[in-house]
Amino acid sequence: MNTGRSARPEFADDATAAVTVRSLRVERGGALVLPGISLSVPAGKITGLLGPSGSGKTTLMRAIMGIQLVASGTVTVLGEPAGDPGLRRRIGYVTQAPSVYSDLTVRENADYFARIALGRGGAPRQAADDVLERVGLADRGKQLVGTLSGGQRSRVSLACALLGSPDLLVLDEPTVGLDPVLRASLWELFRQLAGSGCSLLISSHVMDEATHCDQLLLLRAGELVFHGPPNALLERTGAASADEAFLQIASTGREGDE
Ligand SMILES: Nc1ncnc2c1ncn2[C@@H]1O[C@H](COP(=O)(O)OP(=O)(O)OP(=O)(O)O)[C@@H](O)[C@H]1O
């Protein structure tokens, strides 16, 4: 059983991991948010980051992106220290608040970010077409982002993060506000991306989404209380559903009696 509480839990081999976090300690607003967490995100797989509100998911993602002040510990991303300038074009990050321009159209946003992501070397217009198609917004190109629904706006952010075919995608609750059909099509997209070698770290509140992931990381109050594949979560808790397993772990911090 890996509760994340042992001094050195067994994780994917560091050499093959997309992200390795060791003894990461983060304080925010004078409170200890991550008290010394260690984990890894395997390459070419979908890793779900789950946990109650306030458990530290976004803080962990920010540390991986190199934009979070950390008290101690190490974060290694694609073989480089988090925040290394060389990582900028290799990682796509979608925050909870969509980070696109509301006074530009969908297409103008995609074109703008394509020029940044591809520089002079690529075909930005083609790339913009491709990513809008992939997120199901090809027919919304002319609409101002400010007039889109919340779910559509977050898909524009996702489209922009896909530009340049990043090796790692860090997505903070990308399916919030989407109907079940759209959610299913996004998970299909995530699976295709993983199939082409991209590593994905995806946070969610919605436990039934856990079953789409290859690997789960469950946080509770900044501690890793479970890591492993979804079926191991059910087996180890004896729960009938991912929801029930999560409630059990979230409330006790244990994976069930063994
Ligand atoms: N800017 C900040 N200043 C002080 N404390 C913060 C700040 N941002 C977050 N926190 C605190 O850090 C803790 C972890 O927050 P974080 O956003 O990482 O959680 P989360 O798991 O992503 O939550 P949610 O699912 O609600 O987005 C919370 O207790 C939160 O109140």
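Okay, let's start at the ligand: helix α1, residues 57-65, contributes the most to the shell around it, with three residues. Helices here are DSSP runs of H or I with at least four residues, strands are E runs of at least two, and both are numbered from the N terminus. Before I go on, two housekeeping points. Residue numbers start from 1 along each chain, following the sequence as written. And this is a predicted model, where local features need pLDDT of at least 70, side-chain atom pairs count only at pLDDT 80 or more, and totals for chains, interfaces and linings use all residues.

So, who is in that shell? Around the ligand we have R28, G29, V33, G51, S53, G54, S55, G56, K57, T58, T59 and H205.

Next, helix packing. Two packed helices are described by the angle between their axes and the distance between the axes. Helix α2 is residues 106-118 and α4 is residues 150-162; their axes come within 9 Å and cross at roughly 25°. That makes the two, α2 and α4, roughly parallel. On the cut-offs: under 35 degrees is roughly parallel, over 145 roughly antiparallel, 65 to 115 roughly perpendicular, and the rest oblique. The axes themselves are lines fitted to C-alpha atoms, for helices over the stretch in contact, with angles from 0 to 180 degrees between N-to-C directions. The crossing of α2 past α4 is right-handed, meaning that the near helix is turned clockwise from the far one by less than a right angle, with anticlockwise being left-handed.

Now the other partner of α2. How do α2 and α3 pack? Helix α3, residues 124-134, packs with α2 at an angle of about 125°, and the axes are 8 Å apart. So α2 and α3 are oblique to each other, and their crossing is right-handed.

Let's stay on α3 for a moment. Its buried residues are P124, A127, A128, V131 and L132. Viewed down the α3 axis, those buried residues fall within an arc of 130°, so they line one face of the helix. Q126 and E133 are exposed, on the other side of α3. Buried means 20 or more other C-beta atoms within 10 Å of the residue's own, exposed means 12 or fewer, and partly exposed is in between, with C-beta atoms placed from the backbone. The arc is taken over the directions from the helix axis to the C-beta atoms. As a reminder, an α-helix has 3.6 residues a turn, so residues three or four places apart point the same way.

D129 is also in α3, and with 17 C-beta neighbours inside 10 Å it is partly exposed. E108 and A128 are 20 residues apart in sequence, and 9.1 Å apart from C-alpha to C-alpha.

Most residues other than glycine have a negative phi, and most peptide bonds are trans. S165 is partly exposed, with 18 C-beta neighbours inside 10 Å, and E173 is partly exposed with 19.

Last stop, α6, residues 230-237, where L233, R236 and T237 are buried. Down the α6 axis, the buried residues fall within an arc of 90°, so they line one face of the helix. Just after α6, G238 takes a positive phi of about 75°. Further on, E244 is in helix α7, residues 242-252, and the C-alpha atoms of E244 and L234 are separated by 8.8 Å.

Notes. Near = placed C-beta within 6 Å.
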